[in-house]
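Trainee: Before we go through this model, could you set each term against its definition as we meet it?
Mentor: Gladly; let us look at it together.

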Amino acid sequence: MKEVTTEALSWNESINDTNYSMVTEFIFLGLSNSQEFQIFLLVFFFIFYVGIVFGNLLIVITVASDSHLHSPMYFLLANLSLIDLCLSSATAPKMIADFFSKRKVISFKGCLAQIFLVHFFGGSELVILIAMAFDRYVAICKPLRYSTVMCDHVCFGIVTAAWGTGFLHSVSQLAFAVNLPFCGPNEVDSFYCDLPRVIKLACIDTYRLDVMVIANSGVLTVCSFVFLIISYAIILVTIQQRPSDKSSKALSTLTAHITVVLLFFGPCIFIYAWPFPIKSLDKSLAVFYSVVTPLLNPIIYTLRNKDMKTAMRRLSKWNVNSSVKF
């Protein structure tokens, strides 16, 4: 009996040593198996990604170059655009490149890097959106204290806190996955690595880990969303109680902010907080979160913001005049 037990233990240890180190790469199942549809998706996402890069860089360059936009709101907007660009770049280039190959493969380290980057930039964007709501609250509800509260030191502190929070959040998420044993299935039913999908491939019972992911990312996302909705509700009530010539401009700005909040938090809540995921919906929301939203943000802020449109006209005229001189 002892010999059987000893053999069983040694066999299990050898299996652990070999199988857990077998998975060195993951295979993406992608969005579709149809070759024709993949060609359509390639063109579609390539155009979207070019728009993301161009649109968000345009906002960053416009805010940095135009002195009329050197204010806390536009400083935060430029950081939001930079984060959107980085968030999309963590997944979109790999997805576009995979359309050219039949076997969509990513290394184990590459998969962990994607998890880290997605949560790093996602966590940073969450804080920036909260900061933008706070900025509008102070500007509308406490206008006399705005220049004191939203001074340069506070703005830089907020941005530093945003990037720091994103880093801490991504490290906490990566800690869930880095030591997981992967001994067999390595097909990720998506186009990029994310923690909820990768956890399902581990060779252990992942119920507790799923709960921890919901408790971490899910609760953080839901609480932040509720806080933002309450904040914007207070701001809207304040605008109605204090009608002025600037009310329509403030309302337009708030509408853009609320739209961006809904676009960002809607998919996040379903991906990380909803306990009953639907695979087809999950993929669609992942596309929306990583590709569509980063493109819609610059469109929303530029089309609904007169100051941004005016600054972009000045920037284009300056470029034209510079090219004429040369």
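Trainee: How many disulfides does a search of the whole structure find?
Mentor: The search finds two disulfides, a disulfide being a pair of cysteine sulfur atoms within 2.5 Å. Bear in mind that this is a predicted model, in which local features need pLDDT of at least 70 and side-chain atom pairs count only at pLDDT 80 or more, while totals for chains, interfaces and linings use all residues. Residues are numbered from 1 along each chain as its sequence is written, and side-chain values use heavy atoms, with hydrogens and water left out.

Trainee: What makes Cys111 and Cys193 a disulfide?
Mentor: Their sulfur atoms lie 2.1 Å apart, and the cut-off is 2.5 Å, so the pair qualifies as a disulfide. The two cysteines are 82 residues apart and link distant parts of the chain, with Cys111 in helix H5 and Cys193 in the loop between S3 and helix H8 (195-199).

Trainee: Why is the disulfide of Cys111 and Cys193 called left-handed?
Mentor: Because the torsion about its S-S bond is about -115°, the disulfide of Cys111 and Cys193 is left-handed.

Trainee: How do you know that S1 pairs with S2?
Mentor: Strands here are DSSP runs of E of at least two residues, and helices are runs of H or I of at least four, both numbered from the N terminus. Two strands pair if DSSP finds at least two bridges between them, and three bridges join strand S1 (residues 25-28) to S2, so these antiparallel strands count as paired. Within S2, Ile106 is the bridge partner of Phe26, and Val105 stands opposite Ile27.

Trainee: What makes S3 a partner of S1?
Mentor: Two bridges join S1 to S3, which run parallel, and Phe28 has Val188 in S3 as its bridge partner. The result is an open sheet of three strands in the order S2-S1-S3, with mixed pairing, and strand S2 (105-107) and strand S3 (187-188) are its edge strands, each pairing on one side only.

Trainee: Which residues lie closest to the centre of the largest cavity?
Mentor: A cavity is a set of points on a 1 Å grid over the protein atoms alone where a 1.4 Å probe fits but cannot get out, and lining residues have an atom within 4 Å of a point. Of the 13 residues lining the largest cavity, Gly122, Gly123, His169, Thr221 and Tyr289 are the closest to its centre. The largest share of the lining, five residues, comes from H5.

Key
1 Å grid on protein atoms, 1.4 Å probe; cavity = no way out; pocket = protein on both sides within 12 Å on 5 of 7 lines; lining within 4 Å.
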